[in-house]
Amino acid sequence: MAKITVNTLKAMKEAGEKFCCITAYDATFARLIAAAGAETMLVGDSLGMVLQGHDSTIPVTLEDMAYHTACVARANTDALVIADMPFMAYASPEQAMANATELMQAGAQMVKMEGGTWLSDSIHALVERGIPVCAHLGLTPQSVNVFGGYRVQGRTPKGAKSILADAVEIQDAGASILVLECVPAELATDISSKLEIPVIGIGAGPGTDAQVLVMHDLLGLGEHKPRFVENFMAGQASVQDALKAFVDAVKSGAYPRPEHGYE
């Protein structure tokens with residue numbers, strides 16, 4: 001597989017070709033994920049839950065993210081490595097710049113930030129200075145205390161309109177990719193069709209340009225199982241086979257199925 005870049009992913013969207021994203025936190029699994037053919041890896045702040053045992057992503061620090069990003073980057077071959085900016089690491093454009101710089105120097109090729117139009121100035125500043133940005137809308141786990149739990153977003157006409165408006169503004173600010181988490185499938189499809197940048201879905205139905213799952217979830221290791229999770233380890237002889245099964249299912253359209261989404 002040729003080295004994956006932002007331009008590769010945009011060309012795949014234009015061609016109607018689905019791509020995959022899997023979370024990675026260490027060198028061993030980064031190597032396996034790259035070998036399975038996933039175009040992108042997300043060094044997710046989900047590590048706070050699946051590695052550190054917290055009940056949310058909020059305790060994760062920038063030091064944690066830089067460490068795990070470096071581990072993944074050392075073993076990566078061709079995939080695009082995206083690193084989460086942790087909770088309160090980008091409250092201002094200046095703070096975002098300093099902390100994104102640290103993650104890029106650790107080996108990330110793009111940083112991901114949760115939030116709507118309030119991020120526009122930070123996104124513009126980062127991109128202008130050579131740091132690509134992946135935005136994240138819908139259920140943004142760092143805001144779980146504001147949402148009152150892990151709840152589907154955008155179910156009301158007002159909520160859907162707000163997410164679409166945020167998506168357009170974030171694209172205009174310079175974001176290269178958008179993650180949509182736990183939004184109605186119809187809304188995610190509409191947003192994906194209206195944006196020029198690729199949209200990665202998680203619990204957002206089959207109409208996005210790509211799918212992402214937490215590695216532990218797709219391997220059947222998650223303590224909790226949201227409705228959008230499928231255990232790809234079932235019936236497989238190895239972890240490598242399970243990772244490849246996820247990649248193949250996304251590319252063929254076999255995953256996600258209607259029951260994995262929300263209305």
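Q: Where does Ala-27 lie in this predicted model?
A: Ala-27 sits in helix H2, which covers residues 27–36.

Q: Why is Ala-27 called partly exposed?
A: Its relative accessibility is 26%. Buried would mean under 20% and exposed over 50%, with partly exposed in between, so Ala-27 counts as partly exposed.

Q: What does Ala-27 touch, leaving out residues up to four places away in sequence?
A: That would be Cys-71 and Ala-75. There's also Arg-74: Ala-27 and Arg-74 are 47 residues apart in sequence, yet their C-alpha atoms are 6.6 Å apart in space.

Q: What makes Lys-112 count as buried?
A: Lys-112 has a relative accessibility of 3%. The cut-off for buried is under 20%, so Lys-112 counts as buried.

Q: Where is Lys-112 found, and which residues does it touch?
A: Look in strand S4. Not counting residues up to four places away in sequence, Lys-112 touches Leu-42, Ile-82, Ala-83, Asp-84, Met-85, Cys-134, His-136 and Val-179.

Q: How many aromatic pairs does a search of the whole structure find?
A: Four aromatic pairs turn up.

Q: Why is the pair of Phe-232 and Tyr-255 called edge-to-face?
A: A pair needs ring centres within 6.5 Å, and planes over 60 degrees apart count as edge-to-face. The rings of Phe-232 and Tyr-255 have centres 5.5 Å apart and planes at 80°, so the pair is edge-to-face.

Q: Which parts does this pair tie together?
A: Phe-232 is in the loop between H10 and helix H11 (239–252), while Tyr-255 is in the segment after H11, so the pair ties together parts that are 23 residues apart in sequence. Phe-232 and Tyr-255 also belong to one aromatic cluster with Phe-246.

Q: How do you know whether Phe-232 and Tyr-255 are buried or exposed?
A: Check their relative accessible areas: Phe-232 has 6%, and Tyr-255 has 4%. Buried means under 20%, so Phe-232 is buried, and so is Tyr-255.

Q: How much space lies in the largest pocket, and which residues are closest to its centre?
A: About 850 Å³. Of the 36 lining residues, the closest to the centre are Ser-46, Met-49, Val-214, Asp-217 and Pro-226.

Q: Which elements give two or more residues to the lining of the largest pocket?
A: They are helix H3 (47–50), strand S4 (110–114), strand S6 (177–181), strand S8 (210–213) and helix H10 (215–218). By class, the lining has 17 nonpolar, ten polar and nine charged residues.

Key. Residues numbered from 1 in each chain as written. Predicted model: local features only at pLDDT ≥ 70, side-chain atom pairs only at ≥ 80, totals over all residues. Heavy atoms only, no water. 1 Å grid on protein atoms, 1.4 Å probe; cavity = no way out; pocket = protein on both sides within 12 Å on 5 of 7 lines; lining within 4 Å. Points joined across faces, edges and corners; volume = space filled by probe spheres on them. Helix = DSSP H or I, 4+ residues; strand = E, 2+ residues; numbered from the N terminus. Nonpolar A, V, L, I, M, F, W, Y, C, P; charged D, E, K, R; others polar. Buried < 20%, exposed > 50% of the residue type's maximum accessible area, 1.4 Å probe, protein only. Contact = heavy atoms within 4.5 Å. Phe/Tyr/Trp six-rings, centres within 6.5 Å; stacked < 30°, edge-to-face > 60°.
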